[in-house]
Amino acid sequence: MNGTSFQSDIRYWLKQENTVNHLMFVNIVIFIVLGLLFVLAAPNTFHIHFAVVTHAFLLENLQLNIYNDTLLYKPWGLLTYMFVHTGIFHIFFNMLNLYWFGNMFRSTLGNKRVLPLYLLAGIIGALVYILFYYALPPTNMLGGPMIGASAAVMCFLVASATLMPNVEISLLFLGHIRLKWVAIGVIIIDIIAIPGGNVGGILAHLGGAAFGYAYVRILQNNGTDLCAPLISLFEKISGLFSRQPRPRKFKPKKSPLRVVRNPEPSHATKLDQLLDKINEKGYNSLTSDEKQWLKKYSDEK
């Protein structure tokens, strides 16, 4: 895309019908907005009153806060907190891992499951945090506001490791390592880090990880898709806003000639259909005949 404008690059990135890209875009935009407001509001920089008020208002209403039962009158925090980051390293590593493991999950189980799983994992992580807050004795290590996509990112990591445990990825200084060991190592690090603080965040991580494992196992064992209700909901919403041209009435002229149509689609048409199916539902959604045809077509090329 050399020579194109920044706006064209963003537009191209978003038009790829990749929900992982869309989720990253939303997280990054919110981070930039909050970051710019923070700079304008800081006492040692501009200290603009409007920026001070706006930054405090947005952060207060986007984060998940359960102190003094705040969640009872700001329940939307269960959804909005997972799109908010305030630290550069926090968003960098979350988006990097979302890009890696979100796309690994997407390539196997399809694009339509990405957003539902992201939302459900974030909610599950928040509920685990809330459960422990009310179940355990009061402590300074629990109860603070929570932000970040870490629970959802952990879900994609563990879900991908459950789907393809022996896939090897390359890690700096460690060389090639199987995905299952990466997931196990991250979970162990989280557990060891509990005494050091950020207990609420770590509990949310573990909740997201547990949900990622359970989701894949339930899907593999009996075919139950926990994301199905949200998938159906989003498809209905998308259908309401999709612009479909009205079908034109066409009355063919009578002709003595008999038109012979080829019932089989061309190779290019069939290839496009199969690639669309893989993009939407994942490679495993193909039938054995379709996989065989795709392999034969690739060998011919």
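How many residues does the largest nonpolar core have, and which of them have the most contacts inside it? The core has 54 residues, and L98, Y118 and L179 are the ones with the most contacts within it. Please keep in mind that you are looking at a predicted model.

To see where this core comes from, follow the helices that give two or more residues to it: helix 2 (19-41), helix 5 (88-109), helix 6 (114-135), helix 7 (150-163), helix 8 (179-192) and helix 9 (199-222). Helix 7 provides the largest share, with 10 residues. As background, nonpolar side chains in soluble globular proteins tend to be buried together.

Now step back to the whole chain. The secondary structure consists of 12 helices and two strands.

Next, visit two loops where the backbone deserves a look. Most residues other than glycine have a negative phi. With that in mind, find H47, a residue other than glycine whose phi is positive, near 55°. You will find H47 in the loop between helix 2 and helix 3 (49-62).

Move along to the loop between helix 3 and helix 4 (77-80), where D69 lies. D69 is not a glycine either, yet it has a positive phi of about 60°. D69 is partly exposed because its relative accessibility is 38%, which falls between the 20% limit for buried residues and the 50% limit for exposed ones.

Which residues form a negative surface patch? The patch is made up of E17, E235, D272, D276 and E280. Helix 11 (residues 267-281) supplies the largest share of this patch, three residues. Another member, E235, sits in helix 10 (residues 228-241). E235 has a relative accessibility of 48%, so this residue counts as partly exposed. Membership in such a patch requires over 30% relative accessible area, a cut-off that E235 passes at 48%.

Methods:
Residues numbered from 1 in each chain as written. Predicted model: local features only at pLDDT ≥ 70, side-chain atom pairs only at ≥ 80, totals over all residues. Heavy atoms only, no water. Patch = residues over 30% accessible without salt bridge, like charges linked within 9 Å, V, L, I, M, F, W, Y side chains within 5 Å. Areas by Shrake-Rupley, 256 points an atom, 1.4 Å probe, with all protein chains shown as cover. Salt bridge = Lys/Arg side-chain N within 4 Å of Asp/Glu carboxyl O. Lys, Arg positive; Asp, Glu negative; His and termini not counted. Charge placed at Lys NZ, Arg CZ, Asp CG, Glu CD. Helix = DSSP H or I, 4+ residues; strand = E, 2+ residues; numbered from the N terminus. Buried < 20%, exposed > 50% of the residue type's maximum accessible area, 1.4 Å probe, protein only. Core = buried A, V, L, I, M, F, W, Y, C linked by side-chain atoms within 4.5 Å.
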